[in-house]
Amino acid sequence: MSALICGSFAFDTIMVFQDQFKKHILPEQVHILNVSFLVPDLRREFGGCAGNIANNLKLLGGEGAPMGTVGADFIPYADWMDEQGVSRDYLKEIYGSYTAQAYITTDQDDNQITAFHPGAMNFSHENKVSDANDVTLGLVSPDGRLGMIEHAEQFAAAGIPFMFDPGQGMPMFDGDDLNRFVRQASWLAFNDYEASLMQERTGKTIEQLAQEVRAVIVTRGGEGSLVYAGDKLHEIPAARVGQLQDPTGCGDAYRAGLLYGLQNNLDWEVTGRIASLMGAIKIEHAGTQNHGFTFDEFNSRFKENFGFSL
């Protein structure tokens, strides 16, 4: 099966402030806030959900291509994708726009101040699912609001099963929007917070949602994940982590594992464990696309964690 991964591309500029924000932001003075932070440590990472998921799926040997909108500043990211062998066939450059940008400043207490510029992501609806060839599996991940709505509609109209993964895009949709996505999708994927928000806005429990789709997947960080498939609940253990480095992008790595399992007709017990290990490998590395492995290395670690080989 060939997957079309609809979602965002972004540059993540991450800065480290070697002090505490609370020493420099005075509550009684926030009405005249004017602060400056010296950030000697800075790195720029390639990110965005579609980019991250496609990169991880490629590492697993899965078949898939991302679809997204980018700006004229995308050249270094494009070069990286070429190096990794990830398709750029369905990327559209938006004239006069920047690629989406996140500027994240973290202090010594792990507090964060983030500014996000969506840029070209706001034009994601200009891409059409029909632009892609031989697609048999889809994913709608965080992107521009209209793009997410239209891509879901296009997958459904084409009869292509797809996974709906709203992620940080969840606040853009009300209960009617979300229930429409449920009617269109084949699978739903959330973290535990998003699952709670989904239940609140749709008025349906996870068990009820699972009756409307093939499966609902809920990740719970270090506590593993749950797969609700029909009347059956699969409890997926978390894979062991060597050194916890950076959780950013773990959900995207996990979703690449889900796509790989679906592409290869694997059962949920195996698919969930592949996804779990993908998240564990990612969390051991800073950035969202700086990890790598061979299939033999992955299989060996899989057996160490779960007691059997792929």
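The following questions and answers concern a predicted model of one chain.

Visitor: Which conventions and pLDDT limits apply to this model?
Guide: Residues are numbered from 1 along each chain as its sequence is written, and side-chain values use heavy atoms, with hydrogens and water left out. As the model is predicted, totals for chains, interfaces and linings use all residues, side-chain atom pairs count only at pLDDT 80 or more, and local features need pLDDT of at least 70.

Visitor: How many helices and strands does the chain have?
Guide: Both are DSSP runs numbered from the N terminus: helices are H or I with at least four residues, strands are E with at least two. On that basis the secondary structure comes to nine helices and 13 strands.

Visitor: What is the radius of gyration of the chain?
Guide: The radius is taken over C-alpha atoms, and the globule rule is 2.2 Å times the number of residues to the power 0.38. For 310 residues, a compact globule would come near 19 Å. The chain agrees with this, at 19 Å.

Visitor: Why is helix 4 described as largely enclosed?
Guide: Buried means under 20% relative accessible area, exposed over 50%, and partly exposed in between (1.4 Å probe, protein chains only). Helix 4 covers residues 175-184, and it is largely enclosed by the rest of the structure because the buried residues number seven of the 10.

Visitor: Which elements do the buried residues of helix 4 pack against?
Guide: The buried residues include Leu 178, Phe 181 and Val 182. Contact means heavy atoms within 4.5 Å. The packing partners are helix 3 (145-158), strand 9 (162-164), strand 10 (187-191), helix 5 (192-202) and helix 6 (206-210).

Visitor: Is Gln 184 buried or exposed, and which residues does Gln 184 touch?
Guide: Gln 184 lies in helix 4. Its relative accessible area is 19%, so Gln 184 is buried. Leaving aside residues up to four places away in sequence, Gln 184 touches Ala 152, Glu 153, Ala 156 and Phe 162.

Visitor: How far apart in space are Asn 111 and Lys 22?
Guide: Asn 111 sits in the loop between strand 6 (100-106) and strand 7 (112-117), and is partly exposed at 39% relative accessible area. Apart from residues up to four places away in sequence, Asn 111 touches Phe 21, Thr 105 and Thr 106. Asn 111 and Lys 22 are 89 residues apart in sequence, and their C-alpha to C-alpha distance is 9.6 Å.
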